[in-house]
Amino acid sequence: MAMLAALLLSACAQAPDFGRERPGAFDLVANSVFAAAGEPREMPLPLTDAERDLRRISQNLLREKPAASGPMADALAWIETQSSSPTPGNLRYYEMLSLAHRGSPVSLVNAMGDDIAADTVEMDLFATALDEVIAADGARANGFLGTGDMQATIGYEGPAAFARVRGRVAENGQTIEETVSALAARLVGYRVALAHARLDAPVGDRLAVVEEAISGMEARVAALDRGAVRHAAIMESMSPGA
């Protein structure tokens with residue numbers, strides 16, 4: 001076990017090849033351990049830095065705003081039980097915001113602006129990670145498909161390696177699509193909240209700032225959606241019969 005631990009540390013110190021560990025002592029010892037335990041021999045691909053960032057930022061973006069917990073969540077749940085129909089998803093954000101800032105229109109609008117600004121920062125970080133993941137997954141696909149110089153550079157071998165890498169590309173694609181879909185839905189929620197705020201919080205100058213921020217977010221969602229399409233094309237190129 002001490003030898004295995006040392007080998008694990010040594011392997012982790014090596015830079016992965018687009019997330020693919022290079023064969024070496026790590027593989028020989030680890031596979032032997034797993035085989036003895038009756039576990040599958042295939043080791044999962046380690047995450048690249050960009051893939052790790054993509055998942056971390058996605059989790060941040062997928063968190064509900066405002067956070068539905070404690071008395072606020074209980075109050076909204078009670079309101080929904082008194083209604084003949086459930087709260088539409090695109091209205092939930094505004095209702096949560098109203099509960100958190102009851103009686104303070106200016107505070108409500110400012111909080112909405114803060115939420116949009118926080119999402120915008122995370123979206124820019126997500127876009128950077130997305131570009132890196134698209135580039136790496138494109139290189140992975142080229143390595144298997146034999147295009148350019150990537151096949152010789154990466155040197156993937158065999159159907160098992162192809163299945164592992166294709167599985168990772170699919171995981172990346174799922175993270176991207178789920179995040180973009182959630183952001184598109186949140187954008188609708190912000191638009192609905194802004195429309196209600198115009199009636200409930202008539203503070204024109206502040207609402208104008210929120211409107212501009214939503215427009216900026218809309219452009220970012222469109223750009224991320226185009227990135228999702230680019231990544232989907234890579235996945236499609238690795239599909240059987242492509």
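In which helix is Ala184 found? Ala184 sits in helix α8, where helices (H or I, at least four residues) are DSSP runs numbered from the N terminus. The structure is a predicted model, in which local features need pLDDT of at least 70 and side-chain atom pairs count only at pLDDT 80 or more, while totals for chains, interfaces and linings use all residues. Residues are numbered from 1 along each chain as its sequence is written, and side-chain values use heavy atoms, with hydrogens and water left out.

A look at confidence comes before the details. The mean pLDDT (the predictor's confidence in each residue, from 0 to 100) is 76 for the protein, and 65% of its residues reach 70 or more. Helix α3 has the highest confidence, with a mean of 96, and helix α7 (residues 150-154) the lowest, with a mean of 42. Over residues 147-155 the pLDDT is below 50, and this stretch has 16 contacts (heavy atoms within 4.5 Å) in the model beyond near neighbours in sequence. Residues 1-17 also have pLDDT under 50, and for them the model has 13 contacts beyond four places in sequence. Where pLDDT is low, the predicted coordinates should not be read in detail.

The nonpolar interior comes next. A nonpolar core is taken here as a set of buried Ala, Val, Leu, Ile, Met, Phe, Trp, Tyr and Cys residues joined through side-chain atoms within 4.5 Å; buried means under 20% relative accessible area, exposed over 50%, and partly exposed in between (1.4 Å probe, protein chains only). The largest such core has 44 residues, of which Val109, Met112 and Met217 touch the most other members. Two or more residues each come from α3 (49-62), α5 (89-100), α6, α8 (158-200) and α9 (204-237). Helix α6 supplies the largest share of this core, 12 residues. Leaving aside residues up to four places away in sequence, Val109 touches Ala197, Ala201, Val203, Arg206, Leu207 and Val210.

Helix α9 has 34 residues and reaches 50 Å from its first C-alpha to its last, close to the 50 Å expected at 1.5 Å a residue; the expected span is 1.5 Å times one less than the number of residues. Among the buried residues of α9 are Leu207, Val210, Ile214, Met217 and Val221. Asp225, also placed in helix α9, is partly exposed with a relative accessible area of 41%. The C-alpha atoms of Asp225 and Ser181 are 8.5 Å apart, although 44 residues separate the pair in sequence. Ala184, with a relative accessible area of 33%, is partly exposed, and its C-alpha lies 8.1 Å from that of Glu218, 34 residues away along the chain.

Charged pairs complete the picture. Side chains of opposite charge can pair when their charged atoms come close. With a salt bridge defined as a side-chain nitrogen of Lys or Arg within 4 Å of a carboxyl oxygen of Asp or Glu, the count comes to 15. One of them joins Arg168 to Glu51, with 3.2 Å between the closest N and O atoms. This pair links distant parts of the chain, Arg168 in helix α8 and Glu51 in helix α3, 117 residues apart. Both partners are buried, Arg168 at 8% relative accessibility and Glu51 at 2%.

Arg92 and Glu64 also meet in a salt bridge, at 2.5 Å from N to O. Here Arg92 belongs to helix α5 and Glu64 to the loop between α3 and α4 (70-82), 28 residues apart. Arg92 is partly exposed, with a relative accessible area of 25%, and Glu64 is partly exposed at 37%.

A further salt bridge pairs Lys65 with Asp119, the closest N and O atoms being 3.7 Å apart. Lys65 lies in the loop between α3 and α4 and Asp119 in helix α6, so this pair ties together parts 54 residues apart in sequence. Asp119 is buried, with a relative accessible area of 2%. Elsewhere, salt bridges with shared partners join Glu51, Arg55, Asp137, Arg140, Arg168 and Glu171 into one network.

Asp115 lies in helix α6 (residues 105-145) and is buried yet has no salt bridge, the nearest side chain of opposite charge being Lys65, 4.3 Å away; for charge, Lys and Arg count as positive and Asp and Glu as negative, while His and the chain ends are not counted. Beyond residues up to four places away in sequence, Asp115 touches Lys65, Tyr93, Leu97 and Tyr190.
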